[in-house]
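This report goes through a protein chain by its charged pairs, its nonpolar cores and one of its pockets. The sequence and structure come next.

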Amino acid sequence: MDKSGISKRIIDILDEISRLNNTLYSLNTRGVQQYPENFEVLSTDAALRGEQIACRLRHLVYTVSNKPQNQYLESAAQAQGVDIWEKGGVMEIKLPGLLAKREKWKSMEFLMEPFTAAMNRYALENTPPRYEQCVVCFISVYDRALPDRAVRDTDSAELKRYLDVISSFLLTDDSALYCDSYSTIELGEECCTRIVIMEKSRFPSWIAERDKAETA
């Protein structure tokens, strides 16, 4: 891309940053207690605009750098806080924030690409289990400081995108014959999404231990 094309991209990004700055200023001025409905709309707009800015900057890097895209995406996953680990045959994945709603899939590039790169890197550096008969648990963790109305129903379509990525690295087959899906919520210190994968035989004891810990 020529210099003028790169300059135009940068100007467009600066314009988006200015819009984001104005939205954040409105958020700070109006306040969550005085204007709860407007606060929700504005905060969602700010978050989505921030994701778009990050994706545009990401594509700018692709344009001017000779490094492989996957190398950058692995760094992005680390910066976002994507974490993957295994303990006793149970895989767990932590993703930043709550998963995007189906109508917001356009913004899912922000997380989906780094997540895929992180899964690929983990598979290259480790020997992850390959589950044949499994349960995949999607846990939406909400910041306990948020009001109850912040908790929303889980959209099964939004989970399928992530299950497709997980399946390519960890599952024999993600069809209903081999893979059960379980969705729940819990309260925590920050909003995030936990994905836990285990053999079906382990699920009853896992859910029992989880319920016991919640009531303790």
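## Salt bridges

Arg 19 and Asp 15 are joined by a salt bridge, with N and O 3.1 Å apart; the term covers a side-chain nitrogen of Lys or Arg within 4 Å of a carboxyl oxygen of Asp or Glu. The two residues are four apart in helix H1 (residues 3-30), so about one helical turn separates them. Arg 19 is partly exposed at a relative accessible area of 42%, and Asp 15 is partly exposed at 38%. Here buried means under 20% relative accessible area, exposed over 50%, and partly exposed in between (1.4 Å probe, protein chains only). The model is predicted: local features need pLDDT of at least 70, side-chain atom pairs count only at pLDDT 80 or more, and totals for chains, interfaces and linings use all residues. Residues are numbered from 1 along each chain as its sequence is written, and side-chain values use heavy atoms, leaving out hydrogens and water.

Asp 45 and Arg 49 form another salt bridge, their closest N and O atoms being 3.7 Å apart. They too are four residues apart, in helix H2 (residues 36-64), and are separated by about one helical turn. Asp 45 is partly exposed at 30% relative accessibility, whereas Arg 49 is buried at 17%.

Lys 200 pairs with Asp 180 in a salt bridge of 3.6 Å, N to O. Because Lys 200 lies in the loop between E5 and H6 and Asp 180 in strand E4 (residues 179-188), the pair ties together parts that are 20 residues apart in sequence. Lys 200 is partly exposed at 26% relative accessibility, and Asp 180 is partly exposed at 33%. The structure has 15 salt bridges.

## Chain layout

The chain has six helices and five strands, taken as DSSP runs (helices H or I, at least four residues; strands E, at least two) numbered from the N terminus. Their order along the sequence is α-α-α-β-β-α-β-α-β-β-α. Of the 216 residues, 35% are buried. Among contacts (heavy atoms within 4.5 Å) with a separation of 6 or more, 78% are between residues 24 or more positions apart.

## Nonpolar cores

A nonpolar core is a set of buried Ala, Val, Leu, Ile, Met, Phe, Trp, Tyr and Cys residues joined through side-chain atoms within 4.5 Å. The largest has 28 residues, of which Ile 93, Leu 95, Phe 115, Val 136, Leu 170, Leu 171 and Ile 197 touch the most other members. Two or more of its residues come from each of E2, helix H4 (109-125), strand E3 (134-143), helix H5 (156-170) and strand E5 (192-199). H5 gives the largest share, seven residues.

Leaving out residues up to four places away in sequence, Leu 95 touches Val 82, Leu 111, Phe 115, Tyr 162, Cys 192, Thr 193 and Ile 195. Another core of 11 residues lies apart from the largest one and includes Val 90, Val 141, Trp 206 and Ile 207.

## Second largest pocket

The second largest pocket holds about 210 Å³ of space. A pocket is an open set of points on a 1 Å grid over the protein atoms alone, where a 1.4 Å probe fits, with protein on both sides within 12 Å along at least five of seven lines; lining residues have an atom within 4 Å of a point. Grid points are joined across faces, edges and corners, and the volume is the space filled by probe spheres set on them.

Residues lining this pocket include Trp 85, Lys 87, Met 198, Arg 202 and Glu 209. Strand E1 (83-87), strand E2 (90-96) and helix H6 (203-215) each supply at least two lining residues.
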